[in-house]
Structure formats: structure tokens, C-alpha cells
Amino acid sequence: KLLLYFIIYYLANTIAIASAQDNFFCGTSWSDASSNCDNRQPCPSATDDECSFASDHVCFGDTTCSIAAGNGSKFKYLALSNLPNVDYYAASNKKFCGSWYGEAGDMCSIGTHCPSGAGCSDVRH
């Protein structure tokens, strides 16, 4: 019985925490963060740093908005808008360091990228 009680207690607390984080949104006040939910930026970590869309917004908890309901979804890829414009098909964007082709493919990252084909300590692919 004790194990069952622990499992129920754990699940209840996990669901409560998850749902609380689901309702953290940015705004100038709690009522502002709770209105017009589709145009409010979520801040699931409950930090003001997540409110990057508008400089005067801070994070408010327990709002009437919900990430699970899809509110704030237009901000999902906000960080990707700051990426440089890169030609996907350019050969220089497909060169990575690795001792063989498979390793280069498995290990491709910004750190192993070698657009000129030089700079790798081992064979390039």
C-alpha cells in the first residue's frame, strides 16, 4: 500500500507542476499576460529572460493561457529567426570532420563543420 501511495503522490505532484508551467506567459501585468493568449509568449521556465518578444514584458504564472491549448505557438520557433541565411545545397555546408564518411555524418555539428575542407585534425568527408 505504501508503494501505491507513493506512486499516486508522485504522479499528482508531477501533473500539478507540469500544468503550472503550462500557464506561464509574458505580459506587462498578470491580466495582460492572461489576455489575448494566442499573442502571448510562453515562459515555461518562469524566467523573465524568456520574454524576448517585447522589452517591457515579464513572466507571470498561473495565467489563463495554456501552452497545451496551443496558446503562444507562434513563438515556438522565435529563436530560429535569428539564424543566418544559409544555402542548404551549397557544398561547403556539407563538409564535416571525421575519420571516415559514416563518422563525419554521425558527428556533424557546428564544432565539426569545416566549410573550406581544412582545419580537421583527421580525414574530412
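A disulfide is a pair of cysteine sulfur atoms within 2.5 Å. The model shown here is predicted, and it holds three disulfides.

**View 1. A disulfide joins Cys26 to Cys51.** The S to S distance is 2.1 Å. The link of Cys26 and Cys51 is left-handed, with -85° about the S-S bond. Cys26 lies in strand E1 (residues 25-27), and Cys51 in the loop between helix H2 (30-33) and strand E2 (58-60), so the pair ties together parts that are 25 residues apart in sequence. Cys26 is buried at 0% relative accessibility. Cys51 is buried too, at 7%.

**View 2. Cys37 and Cys65 form a disulfide.** Their sulfur atoms sit 2.1 Å apart. The torsion about the S-S bond is about -80°, so this disulfide is left-handed. Cys37 belongs to the loop between H2 and E2, and Cys65 to the loop between E2 and helix H3 (101-106). The two are 28 residues apart.

**View 3. Cys43 and Cys59 form a disulfide.** The sulfur atoms are 2.0 Å apart. With 85° about the S-S bond, this link is right-handed. Cys43 is in the loop between H2 and E2, while Cys59 is in strand E2, 16 residues apart.

**View 4. Five residues make up the largest nonpolar core.** They are Phe24, Cys26, Cys43, Cys51 and Cys59. Beyond its neighbours within four places in sequence, Cys43 is in contact with several residues, including Phe24, Phe25, Glu50 and Phe60.

**View 5. Asp32 forms a salt bridge with Arg40.** The closest N and O atoms are 2.8 Å apart. Both Asp32 and Arg40 are buried. The structure holds one salt bridge.

Definitions and conventions. Residues are numbered from 1 along each chain as its sequence is written. This is a predicted model: local features need pLDDT of at least 70, side-chain atom pairs count only at pLDDT 80 or more; totals for chains, interfaces and linings use all residues. Side-chain values use heavy atoms; hydrogens and water are left out. A salt bridge is a side-chain nitrogen of Lys or Arg within 4 Å of a carboxyl oxygen of Asp or Glu. Buried means under 20% relative accessible area, exposed over 50%, partly exposed in between (1.4 Å probe, protein chains only). A nonpolar core is a set of buried Ala, Val, Leu, Ile, Met, Phe, Trp, Tyr and Cys residues joined through side-chain atoms within 4.5 Å. Contact means heavy atoms within 4.5 Å. Helices (H or I, at least four residues) and strands (E, at least two) are DSSP runs, numbered from the N terminus.
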